[in-house]
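Subject: Structure for your review, with notes on cavities, ligand and backbone

Dear colleague,

I am handing over the structure below, together with what was found in it. Please look through the coordinates before you read on.

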Amino acid sequence: MRMNARPRRLRERGGLRALVRETRLDRDQLVMPLVVRPGRRVRAPIGALPGHMQWSPDTLAEEARAVGAMGIPAVLLFGTGERKDARGSRAWAASGAVQQALRAVKRAAPELVVMTDVCLCAYTSHGHCGVLGARRAGVARIENDATLELLARVARSHAAAGADLVAPSGMMDGAVGEIRAALDGAGRQDVGIMSYAVKYDSAFYGPFREAVDSAPAFGDRRTYQMDHGNSDEALREARLDLHEGADILMVKPALAYLDVVRRLKTELGAPLAAYSVSGEYAMVKAAAARGWLDERAAREEMLTAIVRAGADLVITYWAKDLARDLAARSRIR
Ligand code: PBG
């Protein structure tokens, strides 16, 4: 048997495989999500996200500094545990846990890029990402335009407390433009927007909703989050957000939407984030706990696939684990 081309030649030895690898993970691509709640010295484990905690502003600042010291450039903050009301007013309180945490992180780790989730669902008594309007056919509606002004307040309060980028995640139409105008109006042209431009109505957010207590009290998020069968719509959403002033686009979840990640990268060429969400993490953790999956190999493969699909940055609950894996690998070489 004569063959000129033998693809296996490059696979036979580790060094060769490394030389021709097309996609490399790097610590510089990682963003670590962190959950903050009011209090002091709090480190409360989150059951559905093994290894993750709810932090108070003081302990969160210590954790953020540790994350930065591992070479991870950015964190993404989520708030929880505040008093809830119909409009989610604690979301924009200067005394809120997120705002306190921002100030504390900026003191503890000035180099770290700090991003904040801008949404109302963890702060509203009904758990939706916007304000409730009049019922239609017996069903309460989420008011788009009345929500925008509140999101602008949240973004301004985060910017005032030190956020580098704000990340609107509620899928309200026009949110990016409204927030851009509000930031500029407050003299915060320097604060960027990472838009959850393409966020699907997904079963993979389950563990997160437990982590921040943001499950909707009734109904679901289908009237604002995207239908998972759609990909042309993802492009329209992303184009709108770029036009409104988004600096970075995001696709969320990541693993079940790699085609969408690739499509946005190829067709728009904008900075692109992918959010490997709580359910992606939890399902691997759960299987690994039963000995059904090798967690380390599975996370490396998943995160590589997300970058291969076209993500420039990856938001992942495995950021620290991955940074550790990468450091160990570079020591071996
Ligand atoms: C808030 C928000 C959610 C997530 C991030 N921001 C939950 C939701 O839309 O219900 C999910 C994050 C994760 O699952 O890791 N709108």
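What follows takes the cavities, then the ligand, and then some details of the backbone.

Please keep in mind throughout that this is a predicted model.

Cavities

By the rule used here, two cavities of 30 Å³ or more are counted. The largest cavity holds about 230 Å³ of space, and of the 24 residues that line the largest cavity, those closest to its centre are F78, D117, C119, C121 and F208. Two or more lining residues each come from the strands β4 (74–79) and β5 (113–118) and from the helices α4 (144–161) and α6 (206–212). Sorted by class, the lining of the largest cavity consists of 13 nonpolar, six polar and five charged residues.

The second largest cavity has a volume of about 40 Å³, and the residues that line it are Y205, F208, K252, Y275, V277, S278 and Y317. Five of the residues in this lining are nonpolar, one is polar and one is charged.

Ligand

Where does the ligand sit, in terms of the cavities described above? The space that the ligand takes is the largest cavity. Around the ligand there are 18 residues, of which K199, R209, K252, S278 and Y317 are the closest, and by class this shell is made up of 10 nonpolar, three polar and five charged residues.

A polar side-chain atom of Y317 lies 2.5 Å from an oxygen atom of the ligand, and a polar side-chain atom of K199 lies 2.7 Å from an oxygen atom of the ligand, whereas for S169 an N or O atom in the side chain is 3.2 Å from a nitrogen atom of the ligand. Taken alone, the ligand exposes 400 Å², and the protein buries 100% of that area.

Backbone

P253 is placed in the loop between β10 (248–252) and α8 (258–268).

Which residues other than glycine have a positive phi? One of them is R41, with a phi of about 55°, and R41 lies in the loop between β1 (30–36) and β2 (43–45). Another is M171, whose phi is near 55° and which is found in the loop between β8 (165–168) and α5 (175–185).

With best wishes

Key. Residues numbered from 1 in each chain as written. Predicted model: local features only at pLDDT ≥ 70, side-chain atom pairs only at ≥ 80, totals over all residues. Heavy atoms only, no water. 1 Å grid on protein atoms, 1.4 Å probe; cavity = no way out; pocket = protein on both sides within 12 Å on 5 of 7 lines; lining within 4 Å. Points joined across faces, edges and corners; volume = space filled by probe spheres on them. Helix = DSSP H or I, 4+ residues; strand = E, 2+ residues; numbered from the N terminus. Nonpolar A, V, L, I, M, F, W, Y, C, P; charged D, E, K, R; others polar. Near = heavy atom within 4 Å. Polar contact = N/O pair within 3.5 Å; in protein donor to acceptor, adjacent residues only side chain to side chain. Areas by Shrake-Rupley, 256 points an atom, 1.4 Å probe, with all protein chains shown as cover. Sits in = over half its atoms within 2 Å of the grid points.
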